[in-house]
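Subject: That structure, plus my notes

Hi,

Have it open while you read, and click on the residues as they come up.

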Amino acid sequence: MDTTASVQVAPRRGRKTLKGYGFDLQAKQIIRNELIRSGVSHEELVKRLARMGVRENVPNLRNKLTRGRFSAPFLLQVMAALGARSIDLDEALTDLATTN
């Protein structure tokens, strides 16, 4: 008797990337890495964005980050709220290559 079962795995949906700037970045992963590195929660990020004049709430922020669909200005606002003063594209791309 064969006890093995075959499992059909649905193909992963393509990740949303920022395009049109000469490179493709997985901005979702960049923000996720920066949130982990800085130790900032979604709730704290919403508060920091509010101090910058960006109106956002926690559920909407989580949805944006989960979907990975947001504008380049939003990426920059989040990175500024997290205290990033620069984004090293070479390092970001290397980090993405090793995590995928």
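Predicted model: local features only at pLDDT ≥ 70, side-chain atom pairs only at ≥ 80, totals over all residues.

Of the 100 residues in the protein, 29% are buried (buried is under 20% relative accessible area, exposed is over 50%, and partly exposed is in between, with a 1.4 Å probe and protein chains only). Residues are numbered from 1 along each chain as its sequence is written, and side-chain values use heavy atoms, with hydrogens and water left out.

The overall layout

The protein has 5 helices and 0 strands, where helices (H or I, at least four residues) and strands (E, at least two) are DSSP runs numbered from the N terminus. Going along the sequence, you get the pattern α-α-α-α-α.

Start with helix α1, which covers residues 27-38 and so has 12 residues. From first C-alpha to last it reaches 16 Å, close to the 16 Å expected at 1.5 Å a residue (the expected span is 1.5 Å times one less than the number of residues). Which residues of α1 are buried? They are A27, Q29, I30, I31, E34 and L35. After α1 comes G39, with a positive phi near 70 degrees.

Contacts between parts of the chain

V40 sits in the loop between α1 and α2 (42-51). V40 counts as buried because its relative accessible area is 10%. Its C-alpha is 7.6 Å from that of L82, although V40 and L82 are 42 residues apart along the chain.

L61 is another one to click on, in helix α3. Is L61 buried or exposed? It is buried, because its relative accessibility is 0%.

Salt bridges

Side chains of opposite charge can pair when their charged atoms come close. How many salt bridges turn up in a search of the whole structure? The search finds 5, counting a side-chain nitrogen of Lys or Arg within 4 Å of a carboxyl oxygen of Asp or Glu.

One of them joins the side chains of R62 and E43, at 2.9 Å from N to O. This pair links distant parts of the chain, since R62 is in helix α3 (residues 58-67) and E43 is in helix α2, 19 residues apart. R62 is partly exposed because its relative accessible area is 36%, and E43 is partly exposed too, at 37% relative accessibility.

Now look at E44, R48 and R51, which are linked in a network of salt bridges. R48 pairs with E44, and their closest N and O atoms are 3.2 Å apart. Both R48 and E44 lie in helix α2, 4 residues apart, about one turn of the helix. As for cover, R48 is partly exposed at 24% relative accessibility, E44 is partly exposed at 27%, and R51 is exposed at 62%.

Rings and the surface

The charged end of K64 sits over the ring of F74, 4.3 Å from its centre (the rule is NZ of Lys or CZ of Arg within 6 Å of the ring centre and within 35 degrees of the ring normal). A search of the whole structure also finds 1 aromatic pair. For that, rings of Phe, Tyr and Trp (its six-membered ring) need centres within 6.5 Å; planes under 30 degrees apart are stacked, over 60 edge-to-face, and the rest tilted.

L76 belongs to helix α4 (residues 72-81) and counts as exposed because its relative accessibility is 52%. S86, in the loop between α4 and α5 (89-99), is exposed as well, at 60%. The C-alpha atoms of S86 and L76 are 9.7 Å apart.

Cheers
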